[in-house]
Amino acid sequence: MPTVAPLDLEGHCVAVAFLGDVPHFALADGVVHRLDHGHKWTELHDGLLSTAYDAARARLITGGEDGKVCALGAGEAVETLAEIGRKWITSVAAGPQGAIAYATGKTATVRFSDGKVKEFVHPRSVEGLAFAPKGMRIGVARYNGATLHFPATEGKPVELEWAGAHTGITFSPDGNFLVTTMQENALHGWKLVDAKHMRMSGYPMKVKSLSWSARGKWLASSGAPAAIVWPFVGKDGPMGKAPLELGTRGNAAVTCVACHPSEEIVAIGYNDGMILAARFADQKEVLLRRPGKGAVTAMAWDSEERRIAFGSDAGDCGVIDISG
């Protein structure tokens with residue numbers, strides 16, 4: 001049976017990450033806690049709104065109600081990347097070559113590693129940001145669709161239209177597909193080579209958590225009594241294919257998903273604090289954690305693929321060691 005090291009905190013856990021192999025837990029009040037030979041913490045923001053894990057530089061990018069964008073690295077090195085006064089940083093993203101992006105109101109800003117910035121103003125508020133896996137290209141989720149910008153050039157943006165409010169955004173690991181979460185109970189996708197639409201609907205709740213499998217063949221999502229896992233194996237993605245439904249529970253809802261770093265396995269967190277792992281190939285399930293306090297809102301695997309850090313909206317956090 002996996003062992004759980006608990007960390008009982010007060011407040012909503014927005015994100016978790018392993019930095020330098022140390023589990024970090026970022027709470028909505030702007031304090032980041034860590035389990036590093038005891039419980040320690042760093043006060044990063046006056047109110048934390050958005051986070052993004054920068055795998056290439058092993059750091060957590062954060063945006064707050066205090067108008068600051070920070071980078072928290074291993075060993076608690078904190079770098080302030082932007083300060084824009086009394087505006088909220090509602091979304092952040094980590095990109096290639098040390099670039100980051102952040103959103104406030106209708107403006108998306110890309111900050112290059114040398115400190116130079118480029119702003120992109122939109123007609124409506126910017127709801128989500130994501131960098132493409134290859135090249136310097138950024139996607140913006142907005143009302144009625146998504147916009148692709150090319151910050152390093154003067155190229156015209158690409159507009160991808162679909163009626164409704166788009167709240168979050170992600171590129172497939174191969175860069176062939178773009179998927180947004182929506183205000184309604186659905187995902188929407190585009191095949192980027194020809195802008196073909198992919199409708200992924202039928203969820204009973206809003207989708208708040210997405211995670212790509214290691215090689216990008218699957219996209220796991222929350223928003224149902226099971227983890228809904230869409231196939232992206234063919235050139236047309238999930239069009240005309242049914243998703244897998246993993247970890248179905250009749251009396252609970254999936255609130256968080258985190259795919260394994262190398263295998264086709266997903267960790268599934270529920271609104272009652274339970275966490276399961278399920279394998280795509282045969283749908284085999286393993287209980288990782290019994291129900292706890294609050295809905296699971298964040299999960300992350302460590303680089304050795306044997307630990308999962310988790311947090312809930314009630315501050316019920318901890319680390320699961322699946323080796324034993």
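Two strands are taken as paired if DSSP finds at least two bridges between them, and the strands themselves (E, at least two residues), like helices (H or I, at least four residues), are DSSP runs numbered from the N terminus. The structure described here is a predicted model, in which local features need pLDDT of at least 70 and side-chain atom pairs count only at pLDDT 80 or more, whereas totals for chains, interfaces and linings use all residues. Residues are numbered from 1 along each chain as its sequence is written, and side-chain values use heavy atoms, with hydrogens and water left out.

The protein contains zero helices and 30 strands. Its radius of gyration, 19 Å, is close to the 20 Å that the globule rule gives for 324 residues, so the protein is as compact as a globular protein of that length; the radius is taken over C-alpha atoms, and the rule is 2.2 Å times the number of residues to the power 0.38. Along the principal axes, the C-alpha atoms fill a box of roughly 55 × 45 × 30 Å. Of the 324 residues, 54% count as buried, where buried means under 20% relative accessible area, exposed over 50%, and partly exposed in between (1.4 Å probe, protein chains only). The accessible surface comes to about 14000 Å², with 50% of it belonging to carbon and sulfur atoms; areas come from the Shrake-Rupley method with a 1.4 Å probe, and for residues only the protein chains shown count as cover. Among contacts (heavy atoms within 4.5 Å) between residues at least 6 apart in sequence, 39% join residues at least 24 apart.

UniProt, in an unreviewed entry, places the feature "domain: Anaphase-promoting complex subunit 4-like WD40" at residues 261-322; UniProt positions are given in the numbering used here, feature names are shortened, and annotations may be inferred rather than shown by experiment. This span is 0% helix and 55% strand, and its end C-alpha atoms lie 14 Å apart. Strand E26 (residues 275-279) is largely enclosed by the rest of the structure, because four of its five residues are buried. E26 pairs with strand E25 (residues 265-270) in the antiparallel sense over five bridges, with Ile265 standing opposite Arg279 of E26. These two strands form a hairpin with four residues between them, and Gly273 in the turn has a positive phi of about 90°. E26 also runs antiparallel to strand E27 (residues 285-289), to which four bridges join it, Glu285 in E27 being the bridge partner of Ala278. In the hairpin formed by E26 and E27, five residues lie between the strands, and Gln283 in the turn has a positive phi of about 65°.

Side chains of opposite charge can pair when their charged atoms come close. A search of the whole structure finds 17 salt bridges, each defined as a side-chain nitrogen of Lys or Arg within 4 Å of a carboxyl oxygen of Asp or Glu. One of them joins Asp54 and Arg59 at 2.8 Å, N to O, and both of these residues are buried. Lys116 forms a salt bridge with Asp114, the closest N and O atoms being 3.9 Å apart; Lys116 counts as exposed at 57% relative accessibility, as does Asp114 at 53%. In the salt bridge between Glu161 and Arg142, the closest N and O atoms are 3.0 Å apart. That pair links distant parts of the chain, Glu161 lying in strand E16 (residues 158-171) and Arg142 in strand E15 (residues 138-149), 19 residues apart. Glu161 counts as partly exposed at 44% relative accessibility, whereas Arg142 is buried at 8%. Lys191, Asp194, Lys235 and Asp236 are linked in a network of salt bridges.
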